[in-house]
Structures are given as C-alpha cells and as structure tokens.
Amino acid sequence: MVGQRFMEKILEDTDPEDVQLSTFCEEPRAAYNRVRLTSYFETRDPSALTMTSDFENDGTTSWYQENNVELFIGDKAIEIDTQNKIITGESGKKIEYDACVLATGSFPFVPPIPGKQRPGVFVYRTIEDLEAMLEYSKANNVKSAAVIGGGLLGLEAAKAAKDMGLISHVIEFADILMCRQIDQGGHNALVGKIEEMGLKVHCGARTESFVGQDGTTDMESLSPVSALRFSNDEWEDLPVEMVIVSAGIKPRDELARSHTTPDGAIALGERGGIVVDSQMRTSADSVYAIGEIALYDNFIYGLIAPGYTMAGVCAKVVSNDLLKASEDELPGFYGADMSTKLKLLGCDVASFGVNQPGPDDEDVQELVWNDPFTGVYRKLIFNKAGTLLRGGILIGDASDYDKLHKLAVSADHDGNPAPLPEGTIAAQLLPPASAKSGGGAEDEDETDLSDPNVQICSCNDVSVGQLKAAIHELGVDEATLPVVKKCSKAGTGCGGCEPAVKAVLAAELELMGGALSNNLCEHFEYSRQELMTLIRMEDDPTTVESFEQILAKHGSEIGHKHSDGCEICKPAVGSILSSLQNKLIVSDSLIGLQETNDRALANMQRGGTYSVVPRVPGGELTPDQLIALGDVANKYQLYSKVTGAQRIDLFGAAKHELPDIWEQLGEAGFESGHAYGKSLRTVKSCVGSTWCRYGVQDSVSFAVRVENRYKGIRSPHKMKSGVSGCARECAEAMGKDFGMIATENGYNLYVGGNGGAIPVQAELLASDIDEDTLIKYVDRYLMYYILTADRLERTAHWQKKLPGGKDGTGGPIAHLKEVIIEDYLGICEELDTRMALLVDTYHDEWAEVVKNPELRKRFSQFANTEENIHKEDMLEFVDIRGQTRPADWAKDGQPQTNWESPPTDVFSNSEKSWVDVGSVTEFLPNIGTPVLYGDTQLAVFNNVNRGEWYVTQNMCPHKQAFVLSQGLVGDKDGSPKVACPLHKKQFSLETGEGIGDEPLNILTFPVKTVDGRLLTELPAIVELDAILGTHGLRVQKSDCIDIAGDAKILTTATTNTTVVLV
C-alpha cells in the first residue's frame, strides 16, 4: 500500500517522460488494501480491495500500463547490489536503478511455540492466507479456531474466523486486549461487545504448544493441530482445529542482509528495520525506505497513515535528488500521531493523544464514563487544571472522535492540545453522543463537516475541504461514492470514515441540485424495491405488463429518450414481472429482458457451452432416472458431476443441443432445475425417519413437498433450503435461506442463513410447528423478501437490514415474527394471495420449449442455416479422469486473449457485396441472433425501439468466445451497446468501440432491409474468414501456443531515470 502511494506521488511530482518506474511484487497480484483484508469475505473478489483498478487474471491492473510502470508480478526482490545499483528478482531478472525505494513492509511474527509447523496453523497477512484458511476449513470440517494475539490484527483475524462460520477464540498473552491502545476499563467494554458476537476471549494465556491429532507437542510432527496447551495452572487444553497467529510483525529487512550488500552498507536497527533519516534516506547511496520497513528515531510505524506520509515525503525527496524537481525546502518525516479510530468487530474503538500517561506524568486528571448496559466506555485525560484535553480512549461510541482528537492533537498548536472552547468545561466532553441524544451513536455524529480544515480521512490525510473540492470538480453526474473515493482517496484506507464521506457527498450533491442515488441505473430513478412497489400497487396491472410500459411510466428522462434499457434494469424488471405474473420467461415479450442464462434456460459455462441441471426434489432419484442421465451424458459427451446440492450436473452442451437433451430427460420424468435463474435451487434433505435410526420426522417427503411448492419462483437472488430429520442437522438447514429441523413435535423453522464465502447462520422464526403452518410461514417470508429486497440481495443481507421489533428490541427476527406470524403490518393476506398465484401458475419451462416448435427454433445455432459448428471446433477439450472439459483459458495478455481488431478500414480495398442472411422475421426484437457466413460467425441485433439493425462479429475479443449474440442489448449515454455474457465487456453496436474503460473493440458491418429480407455488406468469404474465421480463432490449451516466441522483452529505458520499488 505504501509503495503504491509512493508511485502515485512521484508521478504527480515529475514528468512521466523523465522517470521509468519499475516495481517488484512478491504476491500474485498488484497492490491491494491490506487494512480491509477481512472484508474480502464479503465478496471473495480481490478487485474489491484493489488500490488502482480491477485486477486482470494475471494479477495486474490497467493502472500500471496507463502510467508506464513496469510491474513484475510474483517476483520477489532477493538481492540489492548497492555498489553497482542493481536489484535482482527471484526470477533472475536484474534491474539497474538510479534510485531504489524499499517498501517491503513486514511479515507476521510467529513465536517459537512447539507445533507451529503443523497443518492448520496459519498467519493472517494476505489474500492467499485467507484462501488457504477457507480451503483448509472446508477440507477438514473445521469447527473452531484460535487466534494467537489480541491486538488490532488479532481481533481482525478473529473476525475473519467468525466470518468463516467458526467458533473463534482470541488468545492474548497480556492481561487485556489491545494493551497499547486501551486500558482495563476499555478492555472490559470491548470484551463485552466481542463476546456478544459469539467470540471467546482468553487473556493472560501462556500458550505452551499446539497439540497435534496424534497427541504430540514437538517441533517435528506434521499431525494436524487439534488443541492448544497452556502453562497456566489448572488451564485445560482448548480443542481447536485451526490456529491463526497474529502476534505482531517484524520488518522485512532481509534485502539489506543479502550477500551482494556489503556489511553495514544499509544500516539496520538492533531489533530489525532499516534506519532512515527524516527524508527517508538510508545509509546507502540512492536507497530509501518507507513504511513498516523504515526505522525512524528507533521506532517502526505500523499504521497506514504514517506510511502514506513517508511515501509523500520520499516522492518529493527522490524527485529532487534525481531531477532537482523542486527549489522549495524539502519536506521531512518527524514522527506521526498514532491516534486511531477503527470499527473493530462492529464496535467503535478509538484512542488519541496521551491515552496512557506514564507514572511520572503528574499533570493528569482523568474523567471516566463506564456504561455496562450499552457497552460504552470513555476515558478522557485532561491536565490538572481541566483546560486542556490531552488524550483519551473511546469504546462503543466514538462518533465525536474527530472533535476530541482535534482538541488533543491540534495542528494549530504543533500537535499539542488546544485550549478547550470558551464556555466548555471538561465534564461536558465526557458523555457519548448516544447518551446525549437518547438513541444510538448513529443518531448524532459530532464531526464538524462544515469546517474545510477538519481531517475526514486520517489514513490518507484528506480534509473536508479537499473532499468537497473533489466532489464539485466531478459534478453532479459523475460524483458517485466509488468515483469520489477513488479521486479523493478518502475512505480507501481502513474504511472507518466512509459514513462521513458519504454524508459529505450527500450534502454537497444536495447543494449542487443532485442527490446520492440508489437508483437501478440511468434508465430508472428508483431502487429495485421502489420499482417493485410502484408496479405491484398499480391500479391497472395491464398498464405495467411489459418493460416498455414500465419504462414509459416510471423510467427516467434518459430512459424515455432512448428506451433501450441496459444489462442492469432489464433483468431486474424481468425478475419483478416474473415474481408478480409468472409468465413464461422465453415468451416474445420477456425474452429480451433475460440474462443470458435465463434466455438459454441453462448456465453458460467457459467457452460458451452450457450446463444441464435437472431438478431432483429432496435429492431423491430412481435407478431408471440415473440411467437416463448416463445415457444423455454419453450421447452428448457431457461432463458429469454430483453437486453439493444433491443434484447431478451435466456440463458441455451446445445451445442447439439443449432442446433434444431436455426432451430425452423429460421422458425420464425430469423437470428444469432452474439452476440458471434467481430462484429456488434445491431443498436438501437427509434420509430422516424413513431410514435413519436417529430421525424423528420424514425429512425426505417434506423436502420433496417444499421443493415442489416453490420451484420456479423468481426472486431477487437465488434461494436454497434444507430439511433435517433430527437435531444432528445433516442437511445443514441452518445455513440455508430457509431451513427446517425436525423435532418430536414437528419442525423448527429457521430463516436468513446462507453458506458460501461468508456463512450466515439462520435465525429461529418458529418452534415445534406442523408442516402446514410451516408452509404458511415460509410462503409469507419468501413473498415479503421478494417484494422488499434490493436487486441481487440474498435473504441474509436483506434480513439483516430489517428494523427491530415494534418496541425497538429483538432485532430483525422480532420484526419478521410480527409481520409473518402476528400480521402486524396487515399484509399477510396479500402475501398469501401472491404466493398462491405463483404456486398455481407453475410451469416447467423446458417442457414448454420442447413441445413448442417455434420456441425450439430459438435454440438453433444459426438463424440462416441448419449447419452447425461443433463445440470442439471453437474450443479445445481435454481429458480429465475419463471425461472431457474445456482447455484452460490463457491468462489475459497472452495469446488467445484480448484479440485486437484490425484497423476499421481493413476491408476498404476489398470487393464487397450485400449478403442476404435471412428474413427479418427470423430475428427476435431487442436481442442478438447468430448467423454464419463461410466460417465466420456474425451477430445480428434487431433494435425495434430505435428501428435500427446492427451486425457485428460474434466473437468476444476478451477470451475469443463466440457469445456476443447472447449478450443483453441496451444503451449507455444514448449509445446502443451489447454486454458480453461472460465477463460483461461492453461494446458499441454502432462503432464496435469498447465502452467506458474497455480497451477492446469489435468489428461492425453495414446492414439494411430490402423487401423483408436482412442484408449485410461483407467482403469475400476468404477475406472475412482470414480475420474472423471460427477455426482460425479456436481456443486451445495454452501450452499448445508458443508463448515464449511472442513474449515481450523487458528493457530499462536509457533516456530517462529509473526508479525501482521493491
């Protein structure tokens, strides 16, 4: 992070033509926000943490290419030759430098505890660490974990373990948590908050060893960890299956110790770290150090804000040392304010100024607020006279941190306390905002957002004034929260200031005549929930039966002007209509709204093939059905796999094969499994009382009943369920959107759970209820979710946002009981009626297609010919354990990716002719349809809203997959576009240019209609095939390609200055 900030700053301070930046990166991806590492579990998407732009498959981002920065991914710098000024990477790459900046950071300190070598013992530092923990947890059925260390990182690691669905223990050697930031009172309040969340805290713990499953406690055994053993008297072993060590950090100063570096050439501290002066220079010529590697005044600064300050100072110094870029006095780093404010495990934790005075400090008077009922603890430290606030500790409510911090560490007083405001006495500062307002801390935020000099983001040193300036520079149309954060850097560090950033943005947009938007997209000025309400409350439902009617009635000005919609609002409206009307989604009026998967009634897989997933209610299959699945898989050469949801998936079907496949499956009694839709996937079950000696209810029969009731119902996101026949919970019902666990008296109903990357345990809605009552409650729960959730919002997240009970207590589950069981809102009749409609109008979508010749025809590979191109002529398949799968995609930037279209006049000298590709009636409105000319696949788009036709190549240039005709048609800023179904790459249908930041382009061709026929102007087949022929663009496994022959040789520029960052 600090190294990335240095590069950004030096690029600001110098002419890019004068400096060549090169950076070594040990990890498999470029810089990301390590401070927010725990939030990775929310998305499992590394790009959500990126510090520049989205990650490509090879770990790079476009920022490096755009700024001419050489990036060596996965290559750790291992040697520095300070005499010859050469850096060597682990790959053997050598780079000569004019300036070398060391930003190698730190690595986790692992105490020499016997057993630290065991499987199941991890450190908490990188995305790979988190992925390794997840993989190990799933593979070994881990139920509990211990985190060694109760500091900031340790508590974050404990949250990570909890987010993985584990019982999480915090093991701290000291008598209190966060002993450098808080005191005993703060510890007590923090522990209370933490234990409310289900974590367990063990302070004063003397960890003796990590015990293996084989009972050993040595430093050699590789038996997986099974327990912690303590040397504390009378402490028993703590059974855990995973250990996460977060016991501090050590500077990564091994480069300074490499054999090419003469002893003492780079001075080191006694306990590690590279010694630097105030301008970040080391003892070696032209070598600098910043961040957690830099030892200034015998102190390592482990917070991000000081690191960013060092980066800014170093950028100025390096540019001046090399280019004499500034005649001003150079800045310096003279230490940093170590005050900090965090949202730790959902609890405010802050310390500032002199928060733990030494025993010799006599000018101290403490005021303490300790409220055990709300878990708020505050200690403010004043001088004896009570005229100066010197520091403080805030737990549970830190909403006035900025105001208090500004008084204790005043920029106007050289970092010393400022006098209390006139008329203010010390005691007035002590009560938290929650006590003053009578509500929660969120009811009053005392940060003065009107003062432009107030710091709003301490990580990046952004003031309110700088943030407002960035908002005004962007303007109303461009100032969205993500863009504002990117441009101003506010909110991109620890994230603690994001609510304040959002508040400033909302206020400024209002002043500018705008508003902070949660709109679906530019075509609708409503959220999904708001649009659903408008449609369902319409007096005449016939006026909102189609996308065109809804856009005309509720669309934005842009929506009215262009009426194309986009890949966001079309599926959202399609889902709303399906949830209210339940019409066939591939009908003429709805097919243009469907995502690619819904349009094909199958999930598109890598390379453009599809998967086939029949419904298996309750996981129950007959032998004849198993044989039928095998026959289909053999006939169509499909890869077969049993899924974790008790179904059998068949992969690798071509789209034109799907109707024949489903006809054969239908004859065997199978229905669509709706794996392609945002709908109910499965109801998992154990065998229950029918076979299991522990079962108390027939869970299979009930699971079949539940799945058959809710199958096909469209919802904001996918839904899963489970029925367990006893308390042993083999169906994992408490990890489902709604789940049932059998009791002697009926079933317990749980709602709002999910598995996946961030497991959430469902909450108990009702106990010991019979099947009919349970079905009634589930009807209402699902319908309430369908009517009020946002787009692509799972039940767990939706449920978490609901209000508490009517008396303000009990949380969202109390609200759900009032709505669903007590009918507190008076809507149960509507919920029951709407669910009954969906159940009564169920139709098996594949059965409808199979029996309808016109619908079957839509699955033809090409509209203008019955000829088919075999899937293996477009994509190589490889053998894997007796089956076949698609060859691995090459990484972005390698051959067979990021296909570059020739210049637009590539066919300018060709003799062209108007080619008839079919009757206009063959092309459905507002979607794409593929046609074949020679060996070239083209995509035809019929935009009836504009009365326009477009013809483009069918191959998406990103991964050379022939899928563009299956993408959603829409518009962006009035320009018609198509979004590739694989990775949402967007291209203009008029020009072929990539939209937004998309650098790739596609070829387009003139088109016209004559006497009901569609004609497109094309060159001769041989010329067109030379550029776009299917067989010439066939994707092969990457080891078939001579990558080395095409590799770009990296050289160091000799006409400018080279700065190497490691």
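Author: What follows sets labels against their cut-offs, for a model that is predicted.

Reader: Why is Lys250 called partly exposed?

Author: Its relative accessible area is 37%. Buried means under 20%, and exposed means over 50%. The value for Lys250 falls in between, so Lys250 is partly exposed.

Reader: Where is Lys250, and what does it touch?

Author: Lys250 is in strand E16, residues 249-251. Leaving out residues up to four places away in sequence, Lys250 touches Ser106, Phe107 and Phe109. Contact here means heavy atoms within 4.5 Å.

Reader: How far is Lys250 from Lys806?

Author: Their C-alpha atoms are separated by 51 Å. Along the chain the two are 556 residues apart.

Reader: On to helix H10. What makes its buried residues line one face?

Author: H10 covers residues 464-474, and Val464, Leu467, Lys468, Ala470 and Ile471 are buried there. Seen down the axis of H10, the buried residues fall within an arc of 160 degrees, so they line one face of the helix. An α-helix has 3.6 residues a turn, so residues three or four places apart point the same way.

Reader: What covers the buried residues of H10, and what follows the helix?

Author: The cover includes strands E26 (455-457) and E27 (462-463), along with helices H11 (481-488) and H12 (498-511). Gly475 follows H10, with a positive phi near 85 degrees.

Reader: Why are E12 and E14 called edge strands?

Author: The open sheet has three strands, in the order E12-E13-E14, with antiparallel pairing. E12 (207-212) and E14 (238-239) each pair on one side only.

Reader: How do you know that E13 pairs with E12 and with E14?

Author: Pairing needs at least two bridges. E12 and E13 have five, in the antiparallel sense. Two bridges join E13 (residues 225-230) to E14, also antiparallel. Both meet the cut-off, so both count as pairs. Leu228 of E13 stands opposite Phe210. Leu228 also stands opposite Leu238 in E14.

Reader: What makes E12 largely enclosed?

Author: Five of its six residues are buried, so the rest of the structure largely encloses E12.

Reader: Last, helix H21. How do you know that its span agrees with its number of residues?

Author: H21 has 18 residues, 771-788, and at 1.5 Å a residue should span 26 Å. Its end C-alpha atoms are 26 Å apart, which agrees.

Notes:
Residues numbered from 1 in each chain as written. Predicted model: local features only at pLDDT ≥ 70, side-chain atom pairs only at ≥ 80, totals over all residues. Heavy atoms only, no water. Buried < 20%, exposed > 50% of the residue type's maximum accessible area, 1.4 Å probe, protein only. Helix = DSSP H or I, 4+ residues; strand = E, 2+ residues; numbered from the N terminus. Arc of directions from axis to C-beta. Expected span 1.5 Å × (residues − 1).
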